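Here is a short briefing on one protein model. Keep the structure open while reading.

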Amino acid sequence: MKTHTLLMPLDMHLHLRDGVMLENVAPLTAFTFSGALIMPNLVPPVDTLEAVQSYKQRIMAAVPNDYFESYMTLFYKNYDKAFLENVVDEITAIKLYPAGITTNSEGGVSSFDIEEMRVTLEAMSELGIPLCVHGETDGFVMDREAEFMSIYELLAKNFPKLKLVMEHITTKAAVDMLDKYDNLYATITVHHLLLTLDDVVGGMMMPHHFCKPIAKRPEDLDALLGVALEAHPKVMFGSDSAPHPQHKKESCGCAAGVFTAPIALQLLTEIFEQFDKLDNLQSFVSDNAQNIYGICPEFKEVTLEKRPFVVPENYAGVVPMYAGEVIGWAIESVD
Ligand code: DOR
Ligand code: ZN
């Protein structure tokens, strides 16, 4: 039986929510990942020191053991330097959402006026706090990410010491931007390494493939695979696994988000094996993130086995990607 072992897998973009949902989904990630960068788009958003600390406590109470690190983020606002100095030791990054662009982002940024953001972004540069960005405009849905490239350029040029992470990139435009600025990095999800718009609305409408940013064209998928499979050193895995209750997805007005946390490593292994790039998966799923964020995760050794695995129909009321379908790899052991 063919196996593949990964050390200290990291998910550098994860939604855990709160309350019962948190209790249901956090153990699924903590089982196979050493750590995850936790998104702050709760209601209300995580935007104070107290909110960060208490959310982290609730996450750690929800995971069954200590072998998991929740790397916390703060919801971007124009914070002053004193506030950031106070919170810097508790967070790994700050996450910026354009206002209203996706789930629970109403309190996000409505103007990218560099002068309005300067105090915050200069303080973040000095304190070494990376800025993670949901890079979409409010333009036509297929063009939103490409249209945002000029804002990434503005930020990258004006704040050369600020680490900027283009979150969940979906386009060739974003891939092409990566090497233009030293301070630009990116995360890629597993679903965006598998889907194009055809898999969302090309046949029957597939609510569990619907997310923001939406999956794009075949040439975009090829560009993403290009940098992921080579484990480009500025690219990391971030699942953007986003749990919504089944009735919020399978309804009129489907919530955006693909739930992949429990099958992400299995799918990644399948993709990397298919392209004969398994040797690069360790960098994509852990080493690059360790280097970019300067983090040292808890030891964890995950062994996957090449055998058919039927994806469960749901996890406590949340339907995963490929529910009920057979995928090619399964988790064999976790030490
Ligand atoms: O599809 C998405 N769902 N994209 C996001 O950016 C947020 C996420 C969520 O929180 O559900
Ligand atoms: Zn997200």
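Leu 265, Leu 268, Thr 269 and Phe 272 of α10 meet Leu 281, Phe 284 and Val 285 of α11. By class, that contact has six nonpolar residues, one polar and no charged. The model is predicted.

**Helices α10 and α11**

- Helix α10 covers residues 264–274, and helix α11 covers residues 281–293.
- They pack at an angle of about 140°, with their axes 9 Å apart.
- Angles over 145 degrees count as roughly antiparallel and 65 to 115 as roughly perpendicular, so α10 and α11 are oblique to each other.
- Asp 276 lies in the loop between α10 and α11.
- Asp 276 has a positive phi of about 60°, although it is not a glycine.
- Asp 276 is exposed, because its relative accessible area is 70% and the cut-off is over 50%.

**Ala 289 in α11**

- Ala 289 has its place in helix α11.
- With a relative accessible area of 1%, Ala 289 is buried.
- Beyond residues up to four places away in sequence, Ala 289 touches Leu 10, Met 12, Met 236, Gly 294 and Ile 295.
- Pro 233 is 56 residues from Ala 289 along the chain, and their C-alpha atoms are separated by 8.7 Å.

- His 13 and Asp 240 link distant parts of the chain, 227 residues apart.
- His 13 sits in strand β2 (residues 10–14), while Asp 240 sits in the loop between β9 (235–237) and α9 (246–249).
- His 13 counts as buried, at 0% relative accessibility.
- Asp 240 counts as buried too, at 7% relative accessibility.
- His 15 lies in the loop between β2 and α1 (19–32).
- His 15 is buried, with a relative accessible area of 7%.
- The C-alpha atoms of His 15 and Asp 240 are separated by 6.5 Å, although the two are 225 residues apart along the chain.
- Leaving aside neighbours within four places in sequence, the contacts of His 15 are Met 39, Asn 41, Tyr 97, Asp 240, Ser 241, Ala 242 and Pro 243.
- Arg 17 is also found in the loop between β2 and α1.
- Arg 17 has a positive phi of about 60° without being a glycine.
- Is Arg 17 buried or exposed? It counts as buried because its relative accessibility is 13%, and the cut-off is under 20%.

**Helices α1 and α2**

- Helix α1 packs with helix α2 (residues 49–62) at an angle of about 65°, and their axes are 8 Å apart.
- The crossing of this pair, α1 and α2, is right-handed.
- From α1, the contact uses Leu 22, Glu 23, Ala 26 and Pro 27; from α2, it uses Tyr 55, Arg 58, Ile 59 and Ala 62.
- The contact of α1 with α2 has six nonpolar residues, no polar and two charged.

**Helices α4 and α5**

- Helix α4 (residues 114–127) and helix α5 (residues 144–158) pack at an angle of about 50°, with axes 12 Å apart.
- That angle makes α4 oblique to α5.
- The crossing of α4 past α5 is right-handed.
- Ile 114, Arg 118 and Leu 121 of α4 make the contact with Leu 154, Leu 155 and Asn 158 of α5.
- Four of the residues in the contact of α4 with α5 are nonpolar, one is polar and one is charged.

**Cys 211 and its loop**

- Cys 211 lies in the loop between α7 (198–202) and α8 (218–229).
- At 2% relative accessibility, it counts as buried.
- Apart from neighbours within four places in sequence, Cys 211 is in contact with His 191, His 192, Ala 256, Gly 257 and Val 258.
- Cys 211 and His 192 are 19 residues apart in sequence and 9.9 Å apart in space, C-alpha to C-alpha.
- Pro 213 has its place in the loop between α7 and α8.

**Cis peptide bonds**

- The peptide bond from Lys 212 to Pro 213 is cis, with omega near -5°.
- The bond from Val 43 to Pro 44 is cis, with omega near -5°.
- Pro 44 is found in the loop between β3 (35–38) and α2.

Conventions:
Residues are numbered from 1 along each chain as its sequence is written. Chains are lettered from A and ligands numbered from 1 in the order in which they are written. This is a predicted model: local features need pLDDT of at least 70, side-chain atom pairs count only at pLDDT 80 or more; totals for chains, interfaces and linings use all residues. Side-chain values use heavy atoms; hydrogens and water are left out. Helices (H or I, at least four residues) and strands (E, at least two) are DSSP runs, numbered from the N terminus. Buried means under 20% relative accessible area, exposed over 50%, partly exposed in between (1.4 Å probe, protein chains only). Axes are lines fitted to C-alpha atoms, for helices over the stretch in contact, and angles run from 0 to 180 degrees between N-to-C directions. Angles under 35 degrees count as roughly parallel, over 145 as roughly antiparallel, 65 to 115 as roughly perpendicular and the rest as oblique. A crossing is left-handed if the near helix is turned anticlockwise from the far one by less than a right angle, and right-handed if clockwise. Contact means heavy atoms within 4.5 Å. Ala, Val, Leu, Ile, Met, Phe, Trp, Tyr, Cys and Pro count as nonpolar, Asp, Glu, Lys and Arg as charged, and the others, Gly among them, as polar.
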